[in-house]
Amino acid sequence: MSGGPPRMPAPVCLIENAEGGLRTVESALNILRGIQQPLVVVAVVGLYRTGKSYLMNRLAGKQSGFALGSTIESKTKGIWMWCVPHPSKPGHTLLLLDTEGLGDVDKGDSKNDAWIFCLAVLLSSTLVYNSRGTIDNQALEKLHYVTELTDHIQIKSAGARDEDDEEEEDCKFVRFFPDFIWAVRDFTLERKLNGRDVSEDEYLDFALQLKKGLTNKAVTYNLPRQCIRNFFPGRKCFTFPFPTSTNNMRNLDSMAEADLFPDFLSVAKRFCSYVFAESRVKTVQGGHKVTGSRFSHLVKIYVDTINSGAVPCLENAVVAMAEIENQSAVKAGLQLYEQGMGGLSKTFPTDLGTVSAEHHRLSTMARQEFLKRSFKDEGGKYMTQLEEKVSQISEQLFAMNMEASEKLCRKLLLDLYGPMAANIQQGRYSKSGGYEIYCRDRDAMVAKYRQHGKKGMKGEEVLEKFLQERNAEANSILKADETLTESDKKMAEAREQARVQEQKVKAEKQRSQDLQCALEDERCSQEECVARLVEKMEEEKRLQHEELERALESKLKEQREMLEKGFKDKAEIMGQEIEQLKKEKTQIKEAKPGFLEKVFLPIAKIGNNVFSTVLQYKGIRKMFK
């Protein structure tokens with residue numbers, strides 16, 4: 001499918017973890033830049049040597065790919081990616097991110113681990129945390145990176161925040177963070193609570209229960225649990241038994257499914273089915289969907305920010321990404337218009353209606369291409385840029401078409417007039433009855449001129465000027481014709497004037513008809529532009545609504561659990577957050593397309609200027625004063 005992922009037989013490194021810090025890999029970014037489909041991004045994180053890579057290989061539908069390793073040495077360094085067509089969502093790309101194992105003793109850099117974890121959160125739409133054994137307090141303590149997210153990620157830039165914003169930021173992470181899956185590997189316990197069998201999700205919820213009280217011990221115990229509850233909109237758990245015997249673990253990536261334990265295969269299949277069905281498209285602030293191209297910018301922005309010593313900011317990243325993507329959208333739309341009109345220019349001269357219709361068709365396609373690629377074009381800055389550049393090109397092409405038409409028509413008239421010019425030199429018309437012969441030859445010449453099929457938009461105007469130029473010549477021949485009486489000559493002069501006036505009317509009629517046709521095309525184009533802008537605005541409102549709705553559902557669910565467990569104070573705080581989310585939803589729903597005046601009026605002005613060259617026609621400009 002066009003715009004989909006290229007064939008990748010194996011994963012490639014996206015972010016290197018080299019000495020001196022993290023570094024993006026340009027060849028991997030180039031792969032992403034070629035993907036115009038929306039991405040579903042699944043990232044796996046966890047302690048090193050816990051089998052993260054195996055899960056990614058299963059999701060890719062491959063037995064091997066991401067390095068598994070069979071020793072205590074960590075195999076994955078940095079972040080590796082694998083892009084494959086989504087198995088159940090046509091037109092989407094599944095992007096798998098395998099991250100460097102956390103807590104690698106050889107690395108000895110906990111800050112580096114924190115950034116790897118943060119990047120996995122920032123880049124994914126589903127975050128898989130992989131661990132071994134059980135979900136107990138020790139396992140949650142090892143997941144201390146989740147408690148540090150607020151130190152390493154900002155929603156708004158420091159300059160755009162006030163004290164209230166800083167207090168509210170923690171509760172807003174749920175809008176932008178991925179869903180959370182805890183994959184517990186080599187799980188051997190019975191899932192029982194109070195003698196009752198429980199599901200994997202109930203097991204996770206039990207592990208994430210909070211303790212009452214404000215002692216240091218209770219606060220420390222609750223912190224990672226509270227962060228998981230607050231930050232991630234969805235939670236899911238899978239408990240995997242051992243895949244095979246201990247002796248065979250080192251050969252896991254080469255073993256056939258028939259050699260794996262059936263219980264393990266059953267959970268692995270459920271895990272993959274859930275990820276394929278439930279993992280959503282990666283979005284950024286505002287609910288905007290992320291394509292491969294946009295994702296490449298996002299990766300580079302975040303890594304460059306980290307390397308600069310600053311804290312990644314969601315708002316700043318979206319603004320920077322939008323600027324890059326909108327510039328590319330302008331370029332793509334303009335290129336489409338230029339290619340189409342460039343082909344038309346090879347057929348010049350042609351009538352204005354043909355040029356206008358093609359301009360309308362291609363400018364509409366250019367807008368559609370721009371709107372497909374652009375987002376967050378607040379105030380229509382980039383769309384106005386596109387319209388201005390299209391206008392400049394179209395004015396040049398209209399002028400080229402008129403010049404080609406005028407050149408062709410003048411040459412045609414001069415060629416047709418050649419025999420008459422020879423007759424004048426030979427004195428054929430300078431005798432009795434010469435005027436009648438002259439008029440007959442001129443009428444025949446005009447008839448041949450009109451029969452010529454491709455004269456373009458200046459056909460009648462050039463003929464008008466030509467006949468005016470020959471007017472003195474005709475009068476001279478008329479006066480020299482001795483067979484005509486004075487009365488005949490006066491009548492003939494009147495006919496000459498009428499002939500010139502008649503041609504003038506024909507020329508102005510052609511200009512007026514051409515221009516009205518062109519202006520009608522432009523009116524239709526502008527109406528279509530408004531419709532597309534409104535459609536774009538409604539789509540962005542829908543995406544924002546979905547973003548808030550997802551966060552609201554998560555908060556309401558968490559509030560119910562807090563009330564059931566007796567945490568009334570926490571439930572009340574969450575109530576305030578819920579009311580704020582509802583208020584924002586209402587504001588988005590009631591938002592009016594007021595930006596259209598800012599965007600459409602400049603575009604309409606640009607569109608009218610497209611025909612500024614055409615308006616140079618004598619007698620037409622006054623129609624638009």
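The model is predicted, and local features are taken only where pLDDT is at least 70, side-chain atom pairs count only at pLDDT 80 or more, and totals for chains, interfaces and linings use all residues. Residues are numbered from 1 along each chain as its sequence is written, and side-chain values use heavy atoms, with hydrogens and water left out.

## Overall make-up

The protein has 19 helices and 12 strands, where helices (H or I, at least four residues) and strands (E, at least two) are DSSP runs numbered from the N terminus. Of its 625 residues, 51% count as buried; buried means under 20% relative accessible area, exposed means over 50%, and partly exposed lies in between, with a 1.4 Å probe and protein chains only. The protein exposes about 29,700 Å², of which carbon and sulfur atoms supply 50%, the areas coming from the Shrake-Rupley method with a 1.4 Å probe and, for residues, with only the protein chains shown counting as cover. Among contacts (heavy atoms within 4.5 Å) between residues at least 6 apart in sequence, 76% join residues at least 24 apart.

## The eight-stranded sheet

Eight strands form an open sheet with mixed pairing, in the order β2-β1-β4-β5-β3-β6-β7-β10, and two strands are said to pair if DSSP finds at least two bridges between them. The edges are held by β2 (21–24) and β10 (235–239), each with a single partner strand, so one side of each is left without a neighbour in the sheet. Neighbouring strands of this sheet are turned by 20 degrees against each other on average, direction ignored; the axes behind such angles are lines fitted to C-alpha atoms, for helices over the stretch in contact, and angles run from 0 to 180 degrees between N-to-C directions.

Strand β6 (residues 126–132) is largely enclosed by the rest of the structure, because six of its seven residues are buried. On one side, strand β3 (residues 39–46) pairs with β6 in the parallel sense over five bridges, while strand β7 (residues 179–185) pairs with β6, also in the parallel sense, over seven bridges. Individual bridge partners in these pairings are listed below.

| Residue | Bridge partner | Strand of the partner |
|---|---|---|
| V44 | V128 | β6 |
| V45 | Y129 | β6 |
| T126 | D179 | β7 |

Two helices lie across the sheet strands. Helix α9 (residues 262–278) lies across β3, β5 (93–99), β6, β7 and β10, and runs at about 160 degrees to β10. Helix α10 lies across β1 (12–18), β2, β3 and β5, and runs at about 155 degrees to β2.

## The pair α1 and α10

Two packed helices are described by the angle between their axes and the distance between the axes. For helix α1 (residues 26–33) and helix α10 (residues 292–307), the axes come within 6 Å and cross at roughly 150 degrees. The two helices are therefore roughly antiparallel to each other, on a scale where angles under 35 degrees count as roughly parallel, over 145 as roughly antiparallel, 65 to 115 as roughly perpendicular and the rest as oblique. From α1, the residues L29, L32 and R33 meet G292, S293, F295, S296, V299 and K300 in α10. By class, this contact has four nonpolar, three polar and two charged residues, where Ala, Val, Leu, Ile, Met, Phe, Trp, Tyr, Cys and Pro count as nonpolar, Asp, Glu, Lys and Arg as charged, and the others, Gly among them, as polar.

## Individual residues

Some backbone features fall in loops. The peptide bond from F348 to P349 is cis, with omega near 0 degrees, and P349 lies in the loop between α11 (314–345) and α12 (352–373). N194, which is not a glycine, has a positive phi of about 55 degrees; N194 lies in the loop between β8 (192–193) and β9 (196–197) and counts as exposed at 85% relative accessibility. K376, in the loop between α12 and α13 (381–425), also has a positive phi, near 55 degrees, but K376 counts as partly exposed at 28% relative accessibility.

R175 is found in helix α6 (residues 163–176) and counts as buried at 10% relative accessibility. Leaving aside residues up to four places away in sequence, R175 touches E547, L548, R550, A551, L581 and E584. P85, in strand β4 (residues 79–85), is exposed, with a relative accessible area of 59%. With the same exclusion of residues up to four places away in sequence, P85 touches P5, H92 and L94.
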